[in-house]
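Please look over the sequence and the structure shown below before reading on. The report that follows takes up a few parts in turn.

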Amino acid sequence: MTTIVSVRRDDKVVVGGDGQVSLGNTVMKGTARKVNMIPKHQVITGFAGSTADAITLRDLFEQQLEKHHGNIVNACIHLAREWRSDRVLRRLEALMLVANHEKTFLISGNGDVIEPEDGVIAIGSGGNFALASARALVDNTALSAREIVEKSLHIAAGICVFTNDNLTIEELDSSH
């Protein structure tokens with residue numbers, strides 16, 4: 001249970017997430033890092049769901065990036081295929097957002113590899129709150145992608161009890 005949101009705007013892609021880890025109705029930690037950069041391939045990942053499962057998926061995604069020489073599309077498709085078809089991996093309970101200079105995808109264990117049409121996507125328990133906020137801000141303000149991600153996460157944290165204001169935000173400049 002968390003909130004991860006990604007926004008593309010003005011040659012930037014930004015992925016941000018909160019830091020709350022909950023066990024049932026109890027906050028266990030407020031400073032988890034659910035958004036990370038894979039520097040070698042200039043890819044940002046964010047996850048929602050079981051921490052151990054998400055870390056496993058991030059590692060598998062990084063292996064797919066290596067195998068496909070940094071091609072994010074092929075890495076996503078092959079990860080989703082492996083995740084859906086492998087009997088052990090199929091039990092993993094998480095969602096991933098991945099973004100590079102050109103593309104953003106949501107990857108699920110159902111075999112979904114979804115690229116947002118409008119450059120805005122979110123996952124997690126507060127994902128719909130952040131998504132609605134981000135879309136409204138993209139359509140009605142001149143804020144930067146980073147500012148939109150920050151504001152959207154703060155709005156989600158004010159609504160979703162499984163989201164806090166301890167944010168991790170990573171950014172890539174798409175013009176390079």
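## The larger core

A nonpolar core is here a set of buried Ala, Val, Leu, Ile, Met, Phe, Trp, Tyr and Cys residues that are joined through side-chain atoms within 4.5 Å. The model examined in this way is a predicted one, and in its largest nonpolar core, which has 21 residues, the members that touch the most other members are Phe 61, Val 98 and Ile 107. Two or more residues of this core come from each of strand 6, helix 1, helix 2, strand 7 and strand 8, and the most come from helix 2, which gives six.

The surroundings of Val 98 can be listed in some detail: when its neighbours within four places in sequence are left aside, its contacts include Val 43, Ile 44 and Thr 45, as well as Phe 61, Ile 72 and Cys 76. Val 98 is also in contact with Lys 103, Thr 104, Phe 105 and Ile 107. Apart from this core there is a second, separate one of 17 residues, with Val 120, Ala 130, Ile 148 and Ala 156 among them.

## Helix 1 and its cover

Helix 1 covers residues 51-67, and at 1.5 Å a residue its 17 residues should span 24 Å, which agrees with the 24 Å between its end C-alpha atoms. The buried residues of helix 1 are Asp 53, Ala 54, Leu 57, Arg 58, Leu 60, Phe 61, Gln 64 and Leu 65. Seen down the axis of helix 1, these buried residues fall within an arc of 170°, so they line one face of the helix. An α-helix has 3.6 residues a turn, so residues three or four places apart point the same way.

On the other side of helix 1, Ala 52 and Lys 67 are exposed, while the cover over its buried residues includes strand 5, strand 6, helix 2, strand 7 and strand 8. Just after helix 1, His 69 takes a positive phi of about 50°.

Four strands form an open sheet in the order 10-1-2-11, with antiparallel pairing. Strand 10 (120-124) and strand 11 (168-173) stand at the edges with a single partner strand each, so one side of each is left without a neighbour in the sheet. Strand 2 pairs with strand 11 over six bridges in the antiparallel sense, and Val 15 stands opposite Glu 170 in strand 11.

Helix 3 (residues 127-140) packs on the sheet, where it touches strand 1 and strand 10, and its direction makes about 165° with that of strand 10. Helix 4 (residues 145-159) lies across strand 1, strand 2 and strand 11, and runs at about 155° to strand 1.

Technical notes. Residues are numbered from 1 along each chain as its sequence is written. This is a predicted model: local features need pLDDT of at least 70, side-chain atom pairs count only at pLDDT 80 or more; totals for chains, interfaces and linings use all residues. Side-chain values use heavy atoms; hydrogens and water are left out. The expected span of a helix is 1.5 Å times one less than its number of residues. Buried means under 20% relative accessible area, exposed over 50%, partly exposed in between (1.4 Å probe, protein chains only). The arc is that of the directions from the helix axis to the C-beta atoms. Contact means heavy atoms within 4.5 Å. Two strands pair if DSSP finds at least two bridges between them. Axes are lines fitted to C-alpha atoms, for helices over the stretch in contact, and angles run from 0 to 180 degrees between N-to-C directions.
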